[in-house]
Amino acid sequence: MARAMAFSPFFLFLVSLYLIIANGVHSFGEKKTFKVQNLQAKPQLAPLGCLLPESRREKGAVVMEMKDRDHCSTKKHDWNRRLQKQLVFDNLRVRWMQNRIRKLVSGRIEDVSETQVPLTSGIVLQTLNYIVTMGLGSQNMTVIVDTGSDLTWVQCEPCKACYDQQGPLFKPSTSPSYQSVLCDSTTCQSLLSATGNSETCENNASPCSYIVNYGDGSYSNGELGMENLSFGGIPINNFVFGCGKNNKGLFGGTSGLMGLGRSKLSVISQTDSIFGGVFSYCLPTTDDGASGSLVMGNESSVFKNVTPIAYTRMIPNPQLSTFYVLNLTGINVGGVALQASSFGNHGVIIDSGTVITRLVPSVYKALQAEFSKQFTGFLSAPGFSILDTCYNLTGYQDVNIPTIRMYFEDNAELNVDVTGILYVVKEDASQVCLALASLSDEYEMSIIGNYQQRNQRIVYDIKQSKVGFGGEPCGFS
C-alpha cells in the first residue's frame with residue numbers, strides 16, 4: 001500500500017498561488033483608486049464670461065488656458081439627459097469620421113449633401129469639449145479646440161444665421177487689417193483638403209466661400225479671410241480663417257472653432273515658422289475650476305509632466321494626411337496584456353474632439369472581458385447609450401479599479417488617468433460605466449478620445465512626425 005506524501009504548508013501555498021494565476025484570477029493586478037463621491041455631479045455655477053485669461057509667452061513658447069466647453073454655457077442641464085445627448089452626438093461624430101476615412105481611402109471626393117446629419121432642434125450640447133481664447137484683430141475670441149479639424153473659423157457680422165454666443169461677433173468691417181481671400185488664390189484651392197468640400201466661387205475675383213460640416217450635424221458657411229492672429233503677444237500676420245455668416249450647431253456660447261489638424265490651412269501649418277510645427281495640451285477634467293493648457297511651441301520646460309514624455313511615430317498615410325494616426329501595439333488591463341490579432345496591424349487616430357475611445361470589436365471585447373474579470377463584487381447596472389458595461393456603486397466612497405495602459409510603437413505608453421476609466425452616469429453612482437466603447441466593424445479605425453487623454457501632456461510634433469505622452473496633473477498657473 002502506497003504511503004501518503006506529506007507536503008509543507010509553504011509548498012501548498014506555492015501550489016495554490018500557481019493555480020490562482022493559471023486560472024486567471026488577478027487578485028494582485030494593477031489598481032487605481034476611483035473616488036466615486038468626487039466625480040459625481042456638483043452644482044454648476046453660471047460663468048462670469050466666456051473669455052479665458054490672456055495667453056502668455058514663456059521661454060519661447062505660448063501657453064493658453066484650456067477649459068471644458070461648459071465654461072461658456074449659462075444653461076443648467078439635467079445631469080442624466082446631458083450625458084445621454086453628449087454620447088449620442090459623440091457617436092454621430094465617430095460615424096462621420098469613419099465615413100470620411102472610407103471615402104478618403106477609396107479616393108472618392110465627398111459631396112456636401114452626403115456629410116450633413118440632421119440636427120435635432122433644441123439641443124444645446126456638443127462633444128467638442130475644450131476651449132481656449134485667442135486674439136483676432138483687435139478682438140478676443142473663445143474657440144473650441146479640435147485636432148480632427150483643420151479650418152479655424154469664427155462667427156462674423158453681418159450674419160445671416162448665427163447661433164447665440166457669449167460676447168460680440170467678429171466685425172471684419174471695422175478691422176483695418178482684415179482682407180478677403182479671392183477665388184483665384186492658391187489658398188482658396190486648399191479648402192478641399194482642409195474641409196472635405198471644394199470652394200464655391202462665382203468668378204475668380206469673387207470672395208472664396210467655404211462650408212465645413214461636422215459629424216453631429218453642425219456646420220459653418222461663409223467666406224475665407226485673412227487677419228492678424230495673436231498668441232501671447234506674438235503676432236501672426238495674414239492668418240487665414242473662416243468668417244462664418246451662416247452657422248448652426250453644437251458650439252455652445254463660443255465664437256467658433258480652432259482647427260489643429262495637419263492641412264495647409266490649420267493653425268499648426270500657418271504658424272510653422274514661429275512655433276516649429278509643435279503644439280501640446282493637457283486636458284483637464286470637467287470639475288468646477290479645473291483648467292488645463294494648450295502650449296504652442298517645443299519648449300518642454302513649461303510642461304509639468306510627472307513622467308518622462310515618450311514619443312511614437314505617426315503612421316504615414318497619404319490618404320489620411322490631415323489626421324494624427326498612430327500604431328497601437330497593445331493594451332494592458334490591470335497588469336494583464338490583452339491578446340488581439342489586430343494590434344500593430346491597423347492605425348488608430350488620436351482626436352481631441354471625440355469623447356469616448358472606440359476600439360475595433362476584437363480589441364474591445366478582450367478589454368471588456370478582462371476588466372470585468374478583475375472588477376468584481378459589485379452589482380451590475382443597465383448599459384447606457386454606447387456604454388455596455390455598467391455598475392451600481394451606490395454607497396461607495398472610493399473603489400479600486402484595474403489600470404488601463406495603451407502601448408504604441410517605440411515603447412510609448414498612454415497610462416489612462418483614473419478619471420478616464422469610468423463614466424459616472426447617475427449622480428447617486430447607481431450607474432457608473434466603463435468609459436470605452438466598441439466600433440461596429442473590425443475594419444473601421446479605432447479612435448482615442450479625449451476622455452482617455454485627461455491629465456496627460458500630449459505633444460504633437462508635425463515636422464518630426466511624432467506624438468509624445470507624459471502623465472501630468474493638469475493645471476494653469
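E409 sits in the loop that runs between strand 22 (404-408) and strand 23 (412-415); helices (H or I, at least four residues) and strands (E, at least two) are DSSP runs, numbered from the N terminus. The model is a predicted one, in which local features need pLDDT of at least 70, side-chain atom pairs count only at pLDDT 80 or more, and totals for chains, interfaces and linings use all residues. Residues are numbered from 1 along each chain as its sequence is written, and side-chain values use heavy atoms, with hydrogens and water left out.

Is E409 buried or exposed? With a relative accessible area of 18%, E409 counts as buried, since buried means under 20% relative accessible area, exposed means over 50%, and partly exposed is in between (1.4 Å probe, protein chains only). The side chain of E409 makes a polar contact of 2.3 Å with the side chain of R313. That term stands for a pair of N or O atoms within 3.5 Å; within protein, one must be able to donate a hydrogen and the other to accept it, and residues adjacent in sequence count only if both atoms are side-chain atoms. Setting aside neighbours within four places in sequence, E409 touches Y311, T312, R313, I315, N327 and T329, where contact means heavy atoms within 4.5 Å.

Now for the protein as a whole. Its secondary structure comes to 7 helices and 29 strands. Of its 477 residues, 56% are buried. Among contacts between residues at least 6 apart in sequence, 74% join residues at least 24 apart. The accessible surface is about 20300 Å², and carbon and sulfur atoms account for 52% of that; such areas come from the Shrake-Rupley method with a 1.4 Å probe, and for residues only the protein chains shown count as cover.

How many disulfides does a search of the whole structure find? The search turns up 5, each being a pair of cysteine sulfur atoms within 2.5 Å. One of them joins C156 and C243, with the sulfur atoms 2.0 Å apart. This pair ties together distant parts of the chain, 87 residues apart: C156 is in the loop between strand 6 (153-155) and strand 7 (179-180), while C243 belongs to strand 10 (residues 234-248). The link of C156 and C243 is left-handed, with -110 degrees about the S-S bond. C156 is buried at 0% relative accessible area, and C243 is buried at 0% too.

Another disulfide pairs C188 with C208, at a sulfur distance of 2.1 Å. C188 lies in the loop between strand 7 and helix 4 (191-195), and C208 in the loop between helix 4 and strand 8 (209-213), 20 residues apart. Here the link is right-handed, with 85 degrees about the S-S bond. Both C188 and C208 are buried.

C282 and C474 are also joined, S to S 2.0 Å. C282 is in strand 12 (residues 278-282) and C474 in the segment after strand 29 (466-471), 192 residues apart. The torsion about their S-S bond is about -95 degrees, so this disulfide is left-handed.

Finally, there is the nonpolar interior. In soluble globular proteins, nonpolar side chains tend to be buried together. The largest nonpolar core has 85 residues, and F231, L294, M296, I331 and F408 have the most contacts inside it; such a core is a set of buried Ala, Val, Leu, Ile, Met, Phe, Trp, Tyr and Cys residues joined through side-chain atoms within 4.5 Å. Apart from that core lies another, of 19 residues, including Y163, C208, L224 and F251.
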